[in-house]
Amino acid sequence: MSGEKMLELGAAVRPLWGLAGDAIHLNHGSFGAIPLEIRQAQATLCDRIESHPDGFFRDDVMPGGPGAIRRAASALAEMVGTTGDRIALVENATTGIEAVLRTLEPKPGEHILITDHQYPAVLRAVERRCRETGAVPLIVHLPFPLDLSTTTARIADAMAGKRVALAILDHITSPTALVLPIAETIAMLKAAGVPVLIDGAHSVGQIALDLDALGADWYVSNAHKWLYAARGTAFLHTSATAPFDPLPILTSHFVEERFPLSFDYVGTRDYSAWAALPMTIAFWRRIAAAGLTTHCRSLVDSGTRAMGDIGAVPVTAEAGPGFMRTFILPQSRTAIPGDEAALMAGLWKDAAIQVGTFVLQDRLLIRFSTQVYVTSDDIDMLVQQLDAKGWPGR
Ligand SMILES: Cc1ncc(COP(=O)(O)O)c(C=O)c1O
């Protein structure tokens, strides 16, 4: 992306990504999509790294100076309402969550709280830590039809009479694309003395963040989804008042350094994606200035109306500020595991349309993601295809 001309969003910006031209990409939420310019910036950095590996690893990665990794953390911090000394870069949300879970020492019988909309890999990590420590998962049911205003009360009710060592809440849920009212829930949890980790895997680049004001103890977000960062770029924020500073899950030379320096060098690996973050943020800012939020929100609204015409029901009435929306596809029977895979595979095979699909609480769910390269024609094609071909159990 070059020059100062304002970008026109939609089909015009799609060539900025390397996405296959003969397909409709409505699943940015699952794995992101890296713009060509960011891949090029990363490749240029790799050339520089390979021209003098010692220089890069010793001066830019290892703790000791304001090298590339710390500059990247500070650039990101400025964007999310904190300072670089509160931000550790990690490879993905999974790694950041695992670092908190591995440092946490729950007592046998204490609970680790999550909701039933949590990302499945996070549930696996919680179950594993519970098996190791004798702690017990506490899974809060948030039933359909979802009323977000009841979330905090449901969580408070589920905790009554229990000792909770950690609560993990999604900022934006993965299968249901809900932007949870986390500020209110965090306030309730902190008042009850419960440490809070927010899984914001989908947040940075999609919704505004002010992490120091939010009040969570830890906050994890992927930059390789909505901020357009090269894959393997995420961060772990630790508040100044958190009960502990997480340790990296890999033990390396600098594990005894203070947070976040303990995370900067975790062995010889490819740090080019992290070093490219300042370029990534500059790219995102240009896209944001060109109308990212307005474009995506208007697609969510028009797409919701079109999905309604074929009987798909949004999982919650509130549209929320996010760029994705999830719908229940009505079925003549209970959804069964495999319905989601059949629906996703069928849309791809028959119409080259990629969406997110899930089975949750016995319902078949479909999630479309918007992005600046998505157009209303793309979503219309999805709706037409669903109308014509149906879905499992319709
Ligand atoms: C809510 C949530 N948490 C965690 C993750 C894991 O992200 P990653 O695979 O980048 O670690 C995802 C991935 O989509 C997610 O949606």
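Predicted model: local features only at pLDDT ≥ 70, side-chain atom pairs only at ≥ 80, totals over all residues.
Let me start with strands β12 and β13 (residues 363-369), which run antiparallel and are joined by five bridges, where helices (H or I, at least four residues) and strands (E, at least two) are DSSP runs numbered from the N terminus. Within this pair, Leu360 stands opposite Arg363 in β13. Helix α12 (residues 292-309) packs on the sheet here, touching β9, β10 (324-329) and β13, and its direction makes about 145 degrees with that of β13; contact means heavy atoms within 4.5 Å, and angles run from 0 to 180 degrees between N-to-C directions, with axes fitted to C-alpha atoms, for helices over the stretch in contact.

Residues are numbered from 1 along each chain as its sequence is written, and side-chain values use heavy atoms, with hydrogens and water left out.

The sheet that holds β12 and β13 is an open one of four strands, in the order β9-β10-β13-β12, with antiparallel pairing, and two strands count as paired if DSSP finds at least two bridges between them. Its edge strands are β9 (313-314) and β12 (356-360), each of which pairs on one side only.

Thr176 is found in the loop between β5 and α8 (182-191), and with a relative accessible area of 1% it is buried, buried being under 20% relative accessible area, exposed over 50% and partly exposed in between (1.4 Å probe, protein chains only). The side chains of Thr176 and His117 are joined by a polar contact of 2.8 Å, that is, a pair of N or O atoms within 3.5 Å, where within protein one must be able to donate a hydrogen and the other to accept it, and residues adjacent in sequence count only if both atoms are side-chain atoms.

Turning to the other sheet, we have an open arrangement of seven strands in the order β2-β8-β7-β6-β5-β3-β4, with mixed pairing. The edge strands are β2 (87-90) and β4 (136-140), each pairing on one side only. Strand β7 (residues 218-222) runs antiparallel to β8 (residues 234-238), with five bridges between them, and Val220 stands opposite Leu236 in β8. Helix α4 (residues 68-79) lies across β2 and β8, at about 115 degrees to β2.

Leaving aside neighbours within four places in sequence, Val140 is in contact with residues including Leu113, Ile114 and Ile155.

Finally, the ligand: which residues lie around it? They are Asn92, Ala93, Thr94, Tyr119, Asp170, Ser174, Asp199, Ala201, His202, Asn222, His224 and Lys225, each with a heavy atom within 4 Å of the ligand. A nitrogen atom of the ligand is 2.6 Å from an N or O atom in the side chain of Asp199, while an oxygen atom of the ligand is 3.0 Å from an N or O atom in the side chain of His224. The protein covers 89% of the 400 Å² of accessible area that the ligand has on its own, using the Shrake-Rupley method with a 1.4 Å probe.
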